[in-house]
Amino acid sequence: MPNMREIRERIASIQQILKITNAMYLMSSSKLKKARKSLEATEPYFYKLQTTIDSVLEHTPHTRQKFFDRRQDIPSEMRKKGYIVITADKGLCGSYNHNIMKYTEQALADAGNPENCYLFVIGQVGRMYFQRRSAGGNKPSVDGEFLYTTQNPTLYRAGEIADMVVDKFENGELDEIYLIYTDMINSSQQETKTLRLLPFERKHFGKASDGSMKKLPKASFMPSPEEVMGYLIPQYAKGIIYGAMVEAFCCEQQSRMTAMDSATNSAKDMIKDLSLMYNRARQAAITQEITEVVSGANSLDDE
């Protein structure tokens, strides 16, 4: 059994860790509420954008738009695919980062040819992981200039990312673009998802109640439906990316809250066990001292 001094030092160190884990829990809770509030404040704008896109497609069903071009003339094994992967900047959030990276690896394996896959990783943990794999000769390649943090997601940052991937799609550098992020189903359940960002599909817009595409009388747009959609679609893509970033950030904070809560409870249990061990050691020391005093007194009586 360790002596009382060692037990006291260990209890003191665990109490310091307990303060840190409790503080991280409170910080994550505050960040989660702030991110949720920010998303709710911007959602009406992007819902209105989607409604406007619906209206344009309903009135001009035969409009040829580059963002809906699926490039069917390119074989599936030759299609260049880009994946925007949202991970965390740091650990201490349970299995959050591990689940995303394993999910991404499976998605890349299902994609077929890794030579034509490109990763754009948001978050330091995922970026370092995939860069190490890429340096070892494994595909796909990771964009080294794509350096974005997941902390405090903003519309400006989402706009920069959207502009970059939209340009790559327009220039033919990428034929398909996907988002891999974690969606919060409820406070205790999360799910890693893949969302196709580009090209868009018409069936996602302007649906009737029976699931078919609605077709309304043709309307005129100034300067043209293509110009209108050319402005709306990048804005809508920015909203999708921003929503995914906020959802992923909320999931990260929720995972960290759960991990820190478990760590705090474990620390409390350890302190309880060590306190019991300390009391036993203290009682044993007192008993030994009493025994020595009694033995000394008896030896004096014998003399």
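This is a predicted model: local features need pLDDT of at least 70, side-chain atom pairs count only at pLDDT 80 or more; totals for chains, interfaces and linings use all residues.
Tutor: Residues are numbered from 1 along each chain as its sequence is written, and side-chain values use heavy atoms, with hydrogens and water left out.

Student: How many bridges join S1 to S2?

Tutor: S1 covers residues 81-86 and S2 residues 117-122, and the two run parallel. Val85 stands opposite Val121 in S2. The number of bridges joining S1 to S2 is 6.

Student: And what is the hand of the β-α-β crossover from S1 to S2?

Tutor: Point the strands away from you and follow the path from the first strand over the helix to the second: clockwise means right-handed. Here the chain goes from S1 through helix H2 (residues 96-111) to S2, and the crossover is right-handed.

Student: How many bridges does S4 make with S5?

Tutor: S4 (residues 176-186) also pairs with S1, in parallel over 5 bridges, and Gly82 stands opposite Ile177 there. With S5 the sense is antiparallel, and Asp183 has Glu191 as its bridge partner. The bridge count for S4 and S5 is 9.

Student: How many residues of S1 are buried?

Tutor: Buried means under 20% relative accessible area, exposed over 50%, and partly exposed in between, using a 1.4 Å probe and protein chains only. Lys81, Tyr83 and Val85 point one way from S1, Gly82, Ile84 and Ile86 the other way, and all are buried. That makes S1 mostly covered, with a count of 6 of 6.

Student: Are the rings of Tyr83 and Tyr178 stacked or edge-to-face?

Tutor: Rings of Phe, Tyr and Trp (its six-membered ring) pair if their centres lie within 6.5 Å; planes under 30 degrees apart count as stacked, over 60 as edge-to-face and the rest as tilted. Tyr83 lies in S1 and Tyr178 in S4, so this pair ties together parts that are 95 residues apart in sequence. Their centres are 5.4 Å apart and their planes at 20°, so the pair is stacked.

Student: What about Tyr129 and Phe130: stacked or edge-to-face?

Tutor: Tyr129 and Phe130 are both buried. Their ring centres are 5.1 Å apart and their planes sit at 80°, so the pair is edge-to-face.

Student: Which parts do the buried residues of H3 pack against?

Tutor: In H3 (residues 124-135), the buried residues are Gly126, Arg127, Tyr129 and Phe130. They cover an arc of only 165°, taken from the directions from the helix axis to the C-beta atoms, which puts them on the same side of H3. The face turned away from that side carries the exposed Arg132 and Ala135. The buried residues pack against H2, S2 and strand S3 (141-142).

Student: Is Thr150 buried or exposed?

Tutor: Thr150 lies in the loop between S3 and helix H4 (155-170). Contact means heavy atoms within 4.5 Å, and beyond four places in sequence Thr150 touches residues including Ile86, Ile122, Arg157 and Phe249. At 4% relative accessibility, Thr150 counts as buried.

Student: Last one: which residues is Lys66 in contact with, leaving aside its neighbours within four places in sequence?

Tutor: Lys66 is in the loop between helix H1 (4-59) and S1, and at 45% relative accessibility it counts as partly exposed. Its C-alpha is separated by 7.6 Å from that of Glu170, 104 residues apart along the chain. The contacts of Lys66 are Phe169 and Glu170.

Definitions and conventions: Helices (H or I, at least four residues) and strands (E, at least two) are DSSP runs, numbered from the N terminus. Two strands pair if DSSP finds at least two bridges between them. The expected span of a helix is 1.5 Å times one less than its number of residues.
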